[in-house]
Amino acid sequence: MRLYKAIVAGALSATVAAGAAVTLPVLTETAAGAATGPGVTANLWNWNWRSVARECTDVLGPAGYGSVQVSPPADSMSKGGSVWWDVYQPARYVLTSKFGDETAFRNMVAACHAAGVKVQVDTVINHMTGQGSISYGGYSFGKYDYPGLYSSWDFHSPTCGINDADYGSDAWRVQNCELVGLSDLDTGSGYVRGQIAAYMNRLTDLGVDGFRIDAAKHISPDDLAAIRSRLKGSPYIHQEVIQGANEAVQPSQYTGIGDVDEFVYGRKLKEQFTGQIKWLRTFGQSWGLSVGDDKAVVFVDNHDTERNGSTLNYKHGAAYKLANVFMLAWPYGKPSVYSSFTWSDGEGGPPSANGGFVTDTDCSGGRWTCFDREMAGMVGFHNTVAGTPVANWTDNGGNLIAFSRGSRGWVAINNESGGVTRTFTTGLPAGTYPNVAGGGSVTVDAAGTATVTVPGRSAVAIRVGAQPSPTVTPTGGDTATVYYYTGWNPAYIHYGVNGTWTTVPGVAMDAACSGWRKKTVNLGTATAFQVTFTDGSGSWDNNNGRDYTLGTGTSTVRNGVVTGNAANPC
């Protein structure tokens with residue numbers, strides 16, 4: 001739960017186009033059997049239901065993600081698409097949100113289940129709204145008046161507001177007063193508990209497997225336990241309880257109800273990946289993490305922390321990717337990979353139309369991060385090494401680390417600017433393994449060692465059972481496959497379709513063959529697009545300032561010469 005605007009007034013795989021070919025690793029186990037509990041969660045924040053369904057089918061299931069977390073589905077106050085936080089102000093417990101209606105939601109759940117992916121719902125039950133009068137579903141309401149659902153006596157009264165000083169000394173006010181002016185439900189009331197439980201049970205009836213409880217810190221553990229006792233079955237639950245040093249409300253107070261979102265984890269990774277990652281050798285609860293490994297949902301960032309600066313986010317580029325690689329390789333907690341939309345205005349909403357309804361996710365246009373795809377190979381790694389210990393730790397005294405997970409996986413992370421070549425003890429059986437954190441392969445000898453070059457700001461990860469990768473067929477629209485001849489590693493393609501450009505430096509290109517990098521781009525209805533190339537560190541090839549113009553089909557760019565309708569140079 002963010003502190004809303006006051007109501008009183010290169011070796012890593014690239015971000016791949018939604019309609020473009022998506023290369024994913026083959027797992028030796030099915031997604032449903034890859035991990036217990038939620039498995040690795042893909043947090044597809046602010047994606048609409050149709051896009052979540054497609055992603056489950058095309059990406060999450062094949063990659064081995066255990067769960068997808070979706071945004072609040074309840075009808076909410078409407079800001080017409082101008083902000084993201086309106087969905088955290090529910091107006092009623094009906095599935096007419098800006099992400100789609102109940103039919104689309106049902107279809108999404110069914111598609112995800114068919115792909116072996118469980119569904120978690122972000123659930124807002126601490127409060128209702130603080131402003132507005134009309135919902136996305138056309139429902140009229142007031143701050144303390146929700147016809148057919150809640151009236152003024154269903155909220156904590158007399159009303160009070162949470163002050164900053166309350167967090168350190170007054171748990172009662174934190175859990176009974178209004179958070180930034182949002183109407184605070186009386187969760188001690190049997191009627192209110194019944195309405196909340198009915199909403200959650202309705203979602204369970206629709207196939208939902210678990211819930212993230214938004215703003216759980218602002219509900220007493222006793223009230224949450226009472227609500228949970230009314231739920232059908234045994235849904236998976238994790239709770240947003242943001243840790244603050246010496247505060248009156250602590251995450252450990254909620255572990256009897258379910259797991260807890262571990263906010264300290266991402267803060268600590270930011271410190272290391274903007275400093276020296278060699279210290280991560282001892283990373284764990286002794287670092288001040290708020291709950292133990294068995295109760296922690298861990299993440300590099302989420303929608304709040306990417307905006308408040310407490311963690312890394314996609315704008316940190318390679319450091320962000322490497323921190324996610326570490327999270328999926330290191331044995332602590334239940335990892336969640338965050339995938340959302342790009343932003344410059346921290347209040348701004350996702351791409352939308354027709355009064356704020358979120359449009360389909362398009363990973364090719366630069367407005368969506370689609371980061372779940374970049375971590376697809378590491379999800380298979382995480383599933384393969386589950387339950388194995390860390391061994392064979394190596395570091396260079398600075399920003400290169402490497403370690404194995406038993407005899408099932410090995411990873412090297414280079415957070416330095418230059419490449420490093422070393423002979424490492426991998427602990428793996430002899431053989432040649434694809435790099436599931438990027439391109440290329442690693443050959444391990446009979447002694448379990450391998451000589452590996454880890455490019456700057458990159459990672460290499462290998463695991464037993466990894467196989468050649470299949471390709472997901474493009475789903476609509478013309479595509480362009482670009483081959484670029486360069487010595488850069490990594491190399492990025494920065495492009496614009498119909499005037500909309502990717503975020504600098506663009507998306508990383510995949511290794512194709514000696515000297516060549518490639519990327520497939522979804523053009524939608526466009527027949528041409530503008531392209532530049534960069535190494536991500538300040539060197540650019542932009543056709544002497546004119547940009548390259550490329551068309552559909554296959555094009556090659558070599559030494560400033562463009563060849564359209566070209567043969568595959570590899």
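At what angle do the axes of helix 5 and helix 6 cross, and within what distance do they come? In this predicted model, helix 5 spans residues 190-205 and helix 6 spans residues 221-229. Their axes cross at roughly 55 degrees and come within 9 Å. Helix 5 is therefore oblique to helix 6, since angles of 65 to 115 degrees would count as roughly perpendicular and those under 35 degrees as roughly parallel. The crossing of helix 5 past helix 6 is right-handed.

The two helices also meet through particular residues. On the side of helix 5, these are Arg-193, Ile-196, Ala-197 and Met-200. On the side of helix 6, Asp-222, Asp-223, Ala-226 and Ile-227 take part. Sorted by class, the contact of helix 5 with helix 6 has five nonpolar residues and three charged residues, with no polar residues.

Five strands form an open sheet in the order 25-26-21-30-31, and the pairing is mixed. Strand 25 (510-513) and strand 31 (561-563) are the edge strands, each of which pairs on one side only. Direction ignored, neighbouring strands of this sheet are turned against each other by 30 degrees on average.

At one edge of the sheet, strand 25 pairs with strand 26, which covers residues 516-524. The pairing of strand 25 with strand 26 is antiparallel and runs over three bridges. Within strand 26, Lys-518 is the residue that stands opposite Asp-510.

Key. Residues numbered from 1 in each chain as written. Predicted model: local features only at pLDDT ≥ 70, side-chain atom pairs only at ≥ 80, totals over all residues. Heavy atoms only, no water. Axes fitted to C-alpha atoms, helices over the stretch in contact; angles between N-to-C directions. Helix = DSSP H or I, 4+ residues; strand = E, 2+ residues; numbered from the N terminus. Parallel < 35°, antiparallel > 145°, perpendicular 65-115°, else oblique. Left-handed = near helix turned anticlockwise from the far one by under 90°. Contact = heavy atoms within 4.5 Å. Nonpolar A, V, L, I, M, F, W, Y, C, P; charged D, E, K, R; others polar. Pairing = 2+ DSSP bridges.
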